[in-house]
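Here is a protein chain to look at.

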Amino acid sequence: MHKNGKTEHCGGRQYGYVRVSSREQNEARQLAAMCNAGIRTEHIFADKQSGRDFDRPQYKKLLRRLRRGDTLFVQSIDRLGRNYREIIEQWQYLTSEKGVDIVVLDMPLLDTRRRDEGLTGLFISNLVLQILSYVAQAECENIRRRQAEGIAAAKARGVAFGRHAIEIPPDFRSRAEELARTGMKSADIAAEFGVSRSLYYRWLGRTAPPQSEAENSTPSTESRDMQNDKFREISPSAP
């Protein structure tokens with residue numbers, strides 16, 4: 001049944017499922033497609049998660065809501081998922097076991113409500129599903145391969161990934177000693193340098209002055225951390 005250009009399905013509720021792969025991606029186009037199909041906002045479920053499997057919170061919530069006779073709308077098959085085998089399994093589970101119809105808005109052939117086309121129509125629909133599911137997974141694998149190749153090429157050019165190392169200020173040791181002599185605690189000194197206490201301790205170890213055998217009053221078996229502990233305890237009241 002059609003009303004004002006929007007599809008209505010008698011006998012059950014209409015639900016929409018929207019998915020993007022990351023929080024940075026925008027699902028606005030999919031949401032607009034759902035609204036144009038006449039899906040009520042409260043019946044639209046959206047995940048911001050990879051399509052490699054169906055372990056997604058909103059999709060699981062949708063499955064619990066779906067009842068026999070309901071219709072599920074997705075904009076394209078890759079929004080449902082990107083794993084060939086699991087797409088086919090979910091499609092069969094929804095249509096055969098739960099008795100839910102599925103409509104893929106970007107591919108009119110994938111509309112399980114069209115039961116009047118007989119065996120030929122069913123064959124074509126299943127064939128299209130197989131092809132599009134394969135393409136969805138192939139695209140996902142190509143994306144991962146290109147990402148890996150890009151990272152490898154960047155590393156070969158000397159591009160560093162992850163956090164940039166914070167350089168130790170040239171006057172770190174002298175300033176730290178001066179602050180410690182005032183009785184300031186290690187956590188407060190670290191805050192003065194804008195670093196965590198663990199990084200502050202590492203800097204202490206890296207900037208420890210070399211000591212000759214004659215000057216070294218610390219047993220050779222004493223760890224650097226123990227030496228740093230002694231430095232941290234410096235205060236005007238220290239004996």
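What follows is a set of questions and answers on the terms used for this chain.

Q: What kind of model is this, and how are its residues numbered?
A: This is a predicted model, in which local features need pLDDT of at least 70, side-chain atom pairs count only at pLDDT 80 or more, and totals for chains, interfaces and linings use all residues. Residues are numbered from 1 along each chain as its sequence is written, and side-chain values use heavy atoms, with hydrogens and water left out.

Q: How many helices and strands does the chain have?
A: The chain has nine helices and six strands. Helices (H or I, at least four residues) and strands (E, at least two) are DSSP runs, numbered from the N terminus.

Q: What makes Trp91 a buried residue?
A: Buried means under 20% relative accessible area, exposed means over 50%, and partly exposed is in between (1.4 Å probe, protein chains only). Trp91 has 4% relative accessibility, so Trp91 counts as buried. Trp91 sits in helix α4. Of the 239 residues of the chain, 34% count as buried.

Q: Which residues does Trp91 touch, leaving out those up to four places away in sequence?
A: Trp91 touches Ile77, Leu80, Ile102, Val104, Leu110, Thr112 and Leu129. Contact means heavy atoms within 4.5 Å.

Q: Why is the pair of Phe54 and Tyr59 called tilted?
A: Rings of Phe, Tyr and Trp (its six-membered ring) pair if their centres lie within 6.5 Å; planes under 30 degrees apart count as stacked, over 60 as edge-to-face and the rest as tilted. The centres of Phe54 and Tyr59 are 5.1 Å apart, so the rings pair. Their planes stand at 55°, so the pair is tilted. Both Phe54 and Tyr59 are buried. The structure holds seven aromatic pairs. Ring pairs also link Phe172, Phe193, Tyr200, Tyr201 and Trp203 into a cluster.

Q: How do you know that the charged end of Arg56 sits over the ring of Phe54?
A: A charge sits over a ring if NZ of Lys or CZ of Arg is within 6 Å of the ring centre and within 35 degrees of the ring normal. For Arg56 and Phe54, the distance to the ring centre is 4.5 Å. The charged end of Arg56 sits over the ring of Tyr59 too, 5.7 Å from its centre.

Q: What makes a set of residues a nonpolar core, and how many residues has the largest one here?
A: A nonpolar core is a set of buried Ala, Val, Leu, Ile, Met, Phe, Trp, Tyr and Cys residues joined through side-chain atoms within 4.5 Å. The largest has 22 residues, and those with the most contacts inside it are Tyr59, Leu62, Leu80 and Trp91. Helix α4 gives the most to this core, with four residues. Apart from it lies another core, of twelve residues, including Ala176 and Trp203.

Q: Why do Asp55 and Lys60 count as a salt bridge?
A: A salt bridge is a side-chain nitrogen of Lys or Arg within 4 Å of a carboxyl oxygen of Asp or Glu. Asp55 and Lys60 meet at 2.5 Å, N to O, so the pair counts. Asp55 has a relative accessible area of 46%, so Asp55 is partly exposed. Lys60, at 38%, is partly exposed as well. A search of the whole structure finds nine salt bridges.

Q: Are Asp78 and Arg79, joined by a salt bridge, buried or exposed?
A: Asp78 and Arg79 are buried. Their side chains meet at 3.3 Å, N to O. Asp78, Arg79 and Arg82 are linked in a network of salt bridges.

Q: How do you know that the buried residues of α2 are on the same side?
A: The buried residues of α2 are Tyr59, Leu62 and Leu63. They cover an arc of only 100° around the axis, which puts them on the same side of α2. The arc is that of the directions from the helix axis to the C-beta atoms. An α-helix has 3.6 residues a turn, so residues three or four places apart point the same way. The face of α2 turned away from its buried side carries the exposed residues Pro57 and Arg64.

Q: What puts the buried residues of helix α6 on the same side?
A: The buried residues of α6 are Phe172, Arg173, Ala176, Leu179 and Ala180. Their arc is only 135° around the axis, which puts them on the same side of α6. Just after α6, Gly183 takes a positive phi of about 95°.
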